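Subject: Structure handover and findings

Dear colleague,

Please find below the structure that I am handing over to you. My notes on what was found in it follow directly after.

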Amino acid sequence: MNTARIAIIGAGLSGLYAAYLLEKQGIDYVLLEARDRIGGRIHSVAANGQNTIDMTASYDRFDLGPSWFWPGYQPQLGQLVQELGLECFAQFEDGDMVIERSPNTAPIRMKGYVSSPTSMRLVGGMAALTEALYQRLDSDRVLTGHKVCQLRKTEMAIEVEVELNTTADDQCHNEKITWQVLQVLLALPPRLAEQNIEFTPALPDDLAEQWASTATWMAPHAKYFAIYDTPFWREQGLSGSANSAVGPLTEIHDASAAHGHVALFGFFGVAPEVRQSVSTDELKFHCREQLVRLFGIQAQTPVANFFKDWSQDEFTATSLDVQSGSQHPHPPASKATTGVWQDNLIGIGSEWSRQFPGYVAGAVEAASLGVQDLLQQIR
């Protein structure tokens with residue numbers, strides 16, 4: 001049986017940051033990630049569609065997940081960005097915006113607005129943050145393709161049962177291994193943990209109910225990206241921002257990289273169940289047609305375009321999330337206060353953050369507080 005002192009479940013930002021803090025303290029851990037990549041809901045791709053953890057490979061990447069942060073009122077995240085030596089830049093908002101109110105009337109342009117505080121982005125995409133943390137970890141402790149399916153509390157330890165997805169001879173094999181640990185940090189959304197992990201004994205009823213009723217941020221959302229060689233909208237005095245009551249995209253922004261390719265991206269206003277009834281190619285076609293209406297014929301021929309539907313991501317969304325709204329969740333309790341799971345199981349995903357539930361900054365805050373709690377118990 002494999003052993004470690006701490007098991008961190010989920011290698012998104014909260015899991016990676018927790019591992020980073022534990023490693024600085026010299027505490028033994030294993031980081032288990034179901035996906036075949038790190039980052040979780042942070043997912044940045046290059047113009048050619050590739051995802052990489054080589055920081056030198058491409059700084060010209062686009063965020064299919066979260067894009068922005070606000071160091072002015074999220075100081076802990078801002079300090080981490082500085083500590084890791086990452087470069088950031090302001091969201092482009094210069095120029096007019098476009099409004100589309102009805103399918104029967106032409107879009108109009110009006111004076112744009114500037115966010116306050118300024119929305120900031122990372123050079124290399126938000127994945128630059130998770131990759132910088134990963135590079136400071138012992139990679140042997142970070143295991144991708146390891147899906148935790150059960151946590152069993154014994155008298156002396158916690159047994160973590162893991163489904164190991166391996167591919168050999170063009171065949172996919174599901175093997176199971178077990179880790180024995182003393183404490184567990186849940187670095188994934190509360191609802192996903194409650195629905196996808198079997199707890200033996202069961203979680204307290206009130207805690208399980210809280211976790212199951214906490215919506216997962218981004219789970220109902222979908223994004224479309226169109227990558228171009230030139231920022232033709234800026235040449236027209238437009239910021240790239242648009243609001244539409246027609247769709248399929250309701251909110252659109254300039255998503256250009258700091259250097260290299262330029263881009264537009266939009267959030268879908270179409271419900272997940274409707275998106276699922278249409279092919280990806282058709283969705284992309286309607287998005288391009290909308291960008292033509294808003295920004296002109298040059299928008300019709302992007303050099304690349306991407307579509308990411310988070311409601312179809314099994315490691316993000318459940319069937320309950322597909323029906324949820326787009327509001328940030330109210331944070332549930334992060335641990336049991338009675339019973340066998342007391343003091344050895346702590347939720348540290350972004351939804352557990354008190355100040356910024358669902359935000360990137362929330363992942364940092366929740367992980368920091370969870371590790372502090374754990375260290376107090378160890379001491």
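Helices (H or I, at least four residues) and strands (E, at least two) are DSSP runs, numbered from the N terminus. This is a predicted model, in which local features need pLDDT of at least 70 and side-chain atom pairs count only at pLDDT 80 or more, while totals for chains, interfaces and linings use all residues. Residues are numbered from 1 along each chain as its sequence is written, and side-chain values use heavy atoms, with hydrogens and water left out.

Backbone features

D343 is placed in the loop between α9 and β21. Its phi is near 70°, a positive value in a residue other than glycine. D343 counts as partly exposed because its relative accessibility is 37%; buried means under 20% relative accessible area, exposed over 50%, and partly exposed in between (1.4 Å probe, protein chains only). M218, which is not a glycine either, has a positive phi of about 85°. M218 is found in the loop between α5 and β16, and at 9% relative accessibility it counts as buried.

One runs from S116 to P117, with omega near 0°, and P117 lies in the loop between β8 (108–110) and β9 (120–122). Another runs from G247 to P248, with omega near 10°, and P248 lies in the loop between β17 (238–244) and β18 (249–254). For context, most residues other than glycine have a negative phi, and most peptide bonds are trans.

Aromatic residues

Rings of Phe, Tyr and Trp (its six-membered ring) pair if their centres lie within 6.5 Å; planes under 30 degrees apart count as stacked, over 60 as edge-to-face and the rest as tilted. The whole structure holds 15 aromatic pairs by this search. The pair of W211 and W352 is edge-to-face, because the ring centres are 5.2 Å apart and the planes stand at 75°. This pair links distant parts of the chain, with W211 in helix α5 (residues 205–212) and W352 in the loop between β21 (345–347) and α10 (360–378), 141 residues apart. Both W211 and W352 are buried.

F225 and F265 form a stacked pair, 5.2 Å centre to centre with 15° between the planes. F225 belongs to strand β16 (residues 222–228) and F265 to strand β19 (residues 262–268), 40 residues apart. F225 counts as buried at 1% relative accessibility, as does F265 at 3%. F62, W68, F225, F265 and F267 form one aromatic cluster.

Cavities

On a 1 Å grid over the protein atoms alone, a cavity is a set of points where a 1.4 Å probe fits but cannot get out; lining residues have an atom within 4 Å of a point. Grid points are joined across faces, edges and corners, and a volume is the space filled by probe spheres set on the points. The count comes to four cavities of 30 Å³ or more. The second largest cavity has a volume of about 50 Å³, and its lining includes F62, W68, F225 and F265.

Charged residues

Side chains of opposite charge can pair when their charged atoms come close. A salt bridge is a side-chain nitrogen of Lys or Arg within 4 Å of a carboxyl oxygen of Asp or Glu. The whole structure contains 17 salt bridges. In one of them, R191 pairs with D321, the closest N and O atoms being 2.9 Å apart. This pair links distant parts of the chain, R191 in helix α4 (residues 190–196) and D321 in helix α9 (residues 319–322), 130 residues apart. R191 is buried, and so is D321. Salt bridges that share partners also join E33, R35, K308 and D313 into one network.

K176 forms a salt bridge with E161, with the closest N and O atoms 3.2 Å apart. K176 lies in strand β13 (residues 171–181) and E161 in strand β12 (residues 158–168), so the pair ties together parts that are 15 residues apart in sequence. K176 is exposed, with a relative accessible area of 54%, whereas E161 is buried, at 14%.

A charge sits over a ring if NZ of Lys or CZ of Arg is within 6 Å of the ring centre and within 35 degrees of the ring normal. The charged end of K308 sits over the ring of W310, 4.6 Å from its centre, and R141 lies over the face of Y29, at 4.8 Å from the ring centre.

With kind regards

Notes: 1 Å grid on protein atoms, 1.4 Å probe; cavity = no way out; pocket = protein on both sides within 12 Å on 5 of 7 lines; lining within 4 Å.
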